[in-house]
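Biologist: I have a new model open on my screen and I'd like to learn how to read it. Can you walk me through a few features?

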Amino acid sequence: MFAPEYWGTAERFSKLYQHSYAFRGAEQRAVSGVCAHFDKAITLRSLAEKLAPNLDLDEAEFAEKGFTPAANSRELSAVVEAVILELYAVVDCTAQVLKAAYPSVRGFKKSVRGLFSDFEKFGEGFPESLKDALRAVTWYDELRFLRDELTHLTPGACHRDRDRRIVSYMHPGIMRGDRALILDDIFAWVDAAIANVNGFTGLVFAHLNTTLKPTPVQQICGVFAFRIFMRAVNPTEPLTFNSGTCISHQWFELPENPSCPFAPDCGAYARRGQQP
């Protein structure tokens, strides 16, 4: 379970911030929510791709009966829309974490929209690197617009071009000017949105990770033979599988207990008894 080589910047922060920030309940949920909502978005994106071939069933039904309720189109549309809502939730949680990390910055209110529209007006104490990350964002307004519209609407419709096999998305309840919303290649749009949100959160939490204190944090290495094995690591250091110091050796070295299967090759076990 301890695999820091595979952690993104947000996951690293979520595992190591506990002794650096005194976040309360809702703020702690916002930290975990960044990764949780992003994981949901990726999972739903994968599900949408699995559902896309079912659009052929709607087309076949229409060809046979001259009518179709387009149930498969609605299912795919609902999943795609859920991806959009989850991505906005990632941004929302990220904004909450920033507010919790910088509670005293003048002009920084508890508003996601305010973060993106007013950050240039923030008082002293809000880092320039975070302002640079916000300056680079060009996609927020569209994501917010779709999130606001989709929250209370029924699903839109998806259609796959017979020749190009590209799936488009439209929603008659969302207007852009005098036309209903149409996204010509919904999977390309979603993938771009995922990349944009991932890039933004990566920059934000890369900065927040530089603010962590060197106070050791306990981490679960894994669960073996129904027992939890743990180590302590320094949040300010580069982390690998061999980082930190083992804190479970005191009991698993006893002859009546199962030993850690990784102990012979683990750097943390080699440093047992030392400070991380």
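This is a predicted model: local features need pLDDT of at least 70, side-chain atom pairs count only at pLDDT 80 or more; totals for chains, interfaces and linings use all residues.

Biologist: Is Ile-84 buried or exposed?

Modeller: Buried means under 20% relative accessible area. Ile-84 has 1%, so it counts as buried.

Biologist: On to cores, then. How many residues does the largest nonpolar core have?

Modeller: The largest one here has 72 residues, and Phe-13, Leu-76 and Leu-208 have the most contacts inside it. Helix 4, residues 71-101, gives the most to this core, with 15 residues. A separate core of nine residues lies apart from it, including Cys-221, Phe-229, Cys-246 and Cys-266.

Biologist: And what is Leu-208 in contact with, beyond its neighbours within four places in sequence?

Modeller: Phe-13 and Tyr-21, then Val-97, Leu-98, Ala-101 and Tyr-102.

Biologist: What about nonpolar residues on the surface? Which ones form a patch?

Modeller: Met-1, Ile-220, Val-223 and Ile-228 do, with about 380 Å² of accessible area together. Met-1 belongs to the segment before helix 1 (9-16). Its relative accessible area is 64%, so Met-1 is exposed.

Biologist: Now the backbone. Where should I look for a positive phi in a residue other than glycine?

Modeller: Ala-70 is one of them, with phi near 55°. You'll find Ala-70 in the loop between helix 3 (55-65) and helix 4, and at 22% relative accessible area it is partly exposed. Phe-226 also has a positive phi, near 70°. Phe-226 is in the loop between strand 4 (217-224) and strand 5 (227-233), and it is exposed at 88%.

Biologist: How do I read a polar side chain such as Thr-245? Is Thr-245 buried or exposed?

Modeller: Thr-245 is buried, with a relative accessible area of 3%. It lies in strand 6, residues 245-246. For polar partners, look for N or O atoms within 3.5 Å: a polar atom of the Thr-245 side chain lies 3.4 Å from the backbone oxygen of Gln-274.

Biologist: Last topic, charges. How many salt bridges does a search of the whole structure find?

Modeller: It finds 14. The cut-off is 4 Å, from a side-chain nitrogen of Lys or Arg to a carboxyl oxygen of Asp or Glu. Glu-61 and Lys-65 make one of them, at 3.7 Å from N to O. Both lie in helix 3, four residues apart, about one turn of the helix. Glu-61 is partly exposed at 23%, while Lys-65 is exposed at 58%.

Biologist: And which residues do shared partners join into one network?

Modeller: Start from the salt bridge of Asp-148 with Arg-144, whose closest N and O atoms are 3.4 Å apart. Salt bridges that share partners then join Arg-113, Arg-144, Arg-147 and Asp-148 into one network.

Terms used:
Residues are numbered from 1 along each chain as its sequence is written. Side-chain values use heavy atoms; hydrogens and water are left out. A nonpolar core is a set of buried Ala, Val, Leu, Ile, Met, Phe, Trp, Tyr and Cys residues joined through side-chain atoms within 4.5 Å. Buried means under 20% relative accessible area, exposed over 50%, partly exposed in between (1.4 Å probe, protein chains only). Helices (H or I, at least four residues) and strands (E, at least two) are DSSP runs, numbered from the N terminus. Contact means heavy atoms within 4.5 Å. Patches are made of residues with over 30% relative accessible area and no salt bridge: like charges are joined within 9 Å, nonpolar side chains (Val, Leu, Ile, Met, Phe, Trp, Tyr) within 5 Å. Accessible areas come from the Shrake-Rupley method with a 1.4 Å probe; for residues, only the protein chains shown count as cover. A polar contact is a pair of N or O atoms within 3.5 Å; within protein, one must be able to donate a hydrogen and the other to accept it, and residues adjacent in sequence count only if both atoms are side-chain atoms.
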